[in-house]
Amino acid sequence: MQIEEIVDAASVIPVLEVAELENAAPLARALAAGGLRVVELTLRTDCALDALKAMQDAAPDLIVGMGTVRTGDDIEQSLAAGAAFLVSPGAGLSFLKALADSGAPSLPGVATASEAMTAAELGFKALKFFPAEPAGGIAYLKALAGPLPEIMFCPTGSISAEKAPDYLALSNVACVGGSWIATKQTIAKGDWTAIEANARRAAQMA
Ligand SMILES: O=C(O)C(=O)C[C@H](O)[C@H](O)COP(=O)(O)O
C-alpha cells in the first residue's frame, strides 16, 4: 500500500501504547469493531514488536503501523515485525534518507515549513505534524496551506475528540492522530467497550 491509500482509509488514527502483550489482541478487535481501519502502535514498550504481530493476527483487516520510529534499527525491526507503515515524531536528514531508502509507506514527523519542505524534497507525500497543538495547531496548518498546498498532514499531539473535526476540515489535513480513542489507562483497564465506542465516534468523523 502507498501512504496516500493508507491516509485515505483513515479519518482518525489512534496512537496506541501497549504495555502488556495480552492487551494487544482485544484492543485491535475493539478498534476494528468500532469501524477504524488504520492504527499506529508506538514503539515505546518492550512488547511493542510482538504486540504489532498480535494486533495484526487478531484483526487482519486493520492496517497497523509503527510509531515512535526514530532510528535505522527501529525502521528495520518494525518492518520485520510486519508494520504496514512507519511514523516518526520528528526527522533529521539521515533518518529521512533511511526512511526513504526503506521504501516503506511513511509519515515522517515535522513541525515547521522548512522541515516539511525537506521531507517533500525527499519524496514524502504525507507528513505527521507533531506536536500539533503546541506547535500552532489549526492556525499553523492553515498558514502552511498557502505556500505548500500539495503537502498533506496528519496532525497529532494533544488533539481531542472535540478538536479533531476542525482539523479534518482543513484542505491540507488527510487524517488526525491521537491517543484519546484508547488511552494507556483505558487499555490497562481492559475497557474494550469504551474503546470501541470511542473508535465508533472517531470513525464517523470521516
Ligand atoms: O510516539 C510518537 O511517535 C509521537 O509522535 C507521539 C504521539 O503521537 C503522541 O503521544 C500522541 O498522543 P496525544 O498527544 O496524547 O494524542
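Tutor: Begin with the labels: helices (H or I, at least four residues) and strands (E, at least two) are DSSP runs, numbered from the N terminus. Ser158, for example, lies in the loop between S8 and helix H9 (164–168). Residues are numbered from 1 along each chain as its sequence is written. This is a predicted model: local features need pLDDT of at least 70, side-chain atom pairs count only at pLDDT 80 or more, and totals for chains, interfaces and linings use all residues.

Student: Is Ser158 buried or exposed, or in between?

Tutor: A residue is buried if 20 or more other C-beta atoms lie within 10 Å of its own, exposed if 12 or fewer, and partly exposed in between, with C-beta atoms placed from the backbone. Ser158 is partly exposed because 16 other C-beta atoms lie within 10 Å. Its phi is positive, about 65°, although Ser158 is not a glycine.

Student: Which loop holds Thr68?

Tutor: Thr68 sits in the loop between S3 and helix H4 (72–80). Phi of Thr68 is near 60°, again a positive value in a residue other than glycine. Thr68 is buried, with 20 other C-beta atoms within 10 Å. By contrast, Asp46 has 9 such atoms within 10 Å, so Asp46 is exposed. Asp46 belongs to the loop between strand S2 (38–42) and helix H3 (48–58).

Student: What surrounds the ligand?

Tutor: A residue is near a molecule or strand if its C-beta atom, placed from the backbone, lies within 6 Å of it. Here 15 residues surround the ligand, and the closest are Thr68, Pro89, Thr156, Gly178 and Ser179. For classes, Ala, Val, Leu, Ile, Met, Phe, Trp, Tyr, Cys and Pro count as nonpolar, Asp, Glu, Lys and Arg as charged, and the others, Gly among them, as polar. The shell has 5 nonpolar, 10 polar and no charged residues.

Student: How do I read strands that lie side by side?

Student: How many residues of S3 are buried?

Tutor: In a regular strand the side chains alternate between the two faces of the sheet. In S3, Ile63, Gly65 and Gly67 on one side and Val64 and Met66 on the other are all buried, and both faces are covered. Since 5 of the 5 residues are buried, S3 is largely enclosed by the rest of the structure. S2 is mostly covered, with 4 of its 5 residues buried.

Student: And how are two helices compared?

Tutor: Two packed helices are described by the angle between their axes and the distance between the axes. Axes are lines fitted to C-alpha atoms, for helices over the stretch in contact, and angles run from 0 to 180 degrees between N-to-C directions. The axes of helix H2 (residues 24–33) and helix H11 (residues 192–203) come within 7 Å and cross at roughly 35°. By class, this contact of H2 with H11 has 8 nonpolar, no polar and 1 charged residues, where contact means C-beta atoms, placed from the backbone, within 7 Å.
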